[in-house]
Amino acid sequence: MQRYSKAVYSSVLLALALVQAGPAWAAAPIRWKFKEGQSLNYVLERGAEGKVNLTGAEFAFKMGMAFDTTWQIKSVAADGTATVEQTVDRIQINMSSPLAGTMAYDSKNTEKPATGPVWAMLEPVVTGMLGQTFKVKISPLGIVSDIELPAKLSESFAKQKVGQNRQGGLGIGGNAFSEKGIKELITRSVVPLPEASDANAAWSQSFENVIPFVGTQTTEVKFTLAGNEKVDGKDLVKIAAATELTFEPADDARAELEITAQEGSGVFYFDAAAGVMINAAGKQSSAMEMSGPQELTQEIKETSRIRLGKSPDKAPAAASEAKPAAK
């Protein structure tokens, strides 16, 4: 019988142990780990571009937004759920369309955009967010609850009915600065995590967008674990996401809507050791047709990114491609 040295025998046992243990991210549950007094800076970016054909008249549009935020962890409950105060430190907006014209705004500059219909609608919401604090609760699984808007923003929504989706389409333009859209943005900035961190883990998150007198669009995001990636010397958990849009017509619909094409994906990089998300990016393209009193078709491409850090002084307010950068 062939004999093995103690060193070889130990190496074989170690190899077997590693195989049985599986990937590093499967060794322990992945959780957000908040600490009282902790402060985090996140930049949230969203962009959209597309074209609309309304009864034969076609126009293109572009929009980019960036929000610099500070998360202050005020307290952490026994179950790990944190009470977080999120302050909006800076807002950047770039918009361009034949209907709204061109608008560029950066709260870091004192100069405001020229008076126009879009800025007239957005200004109360922007000023109601800038420098103001949102209160939320976030569980270790990334479940967001109890979102409290700043009093100044709530007052602006009460005075002006901008909380409704005015666009009536599938793009982010009509809903981005509504009360519902802002709460959705806050929720999307916190990646949800699986109960168990095994290779077969799959979980989902959904959002609804009611289009008045047409129906309800549902966005379902399905998440899966995609292994580890080493970035700047750190092992980060990679989470992949796929998005599906569905539509349910209203009982009293005055128009018919059909989603004719769609494709959506995203990727999230999470530092399991630190218990924080480092970077996330996603993209969604869709096309839809609406018939009724007027014929309308829309094609839109949306991008989003969330990352630790702050915007540079001259950063464009448009979301960039996914990059696994731990910065």
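Two strands pair if DSSP finds at least two bridges between them, and strands (E, at least two residues) and helices (H or I, at least four) are DSSP runs numbered from the N terminus. The model is predicted, so that local features need pLDDT of at least 70 and side-chain atom pairs count only at pLDDT 80 or more, while totals for chains, interfaces and linings use all residues. Residues are numbered from 1 along each chain as its sequence is written, and side-chain values use heavy atoms, with hydrogens and water left out.

**Exercise 1.** Determine how β11 is joined to β10 and to β12.

*Solution.* Begin with β10 (residues 256-271), which runs antiparallel to β11 and is joined to it by 15 bridges; in this pairing Glu256 stands opposite Ser291. The hairpin of these two strands has 4 residues between them, and there Gly275 takes a positive phi near 75°. Next, 12 bridges join β11 to the antiparallel strand β12 (residues 296-308), with Ser286 opposite Ile300, and a hairpin through 4 residues connects the two.

**Exercise 2.** Explain why β11 is described as largely enclosed.

*Solution.* Take buried as under 20% relative accessible area, exposed as over 50% and partly exposed as in between (1.4 Å probe, protein chains only). Of the 16 residues of β11 (residues 276-291), 12 are buried, so the strand is largely enclosed by the rest of the structure.

**Exercise 3.** Identify what Tyr42 touches, leaving aside residues up to four places away in sequence.

*Solution.* With contact meaning heavy atoms within 4.5 Å, the partners of Tyr42 include Trp32, Phe67, Trp71, Val276 and Met277.
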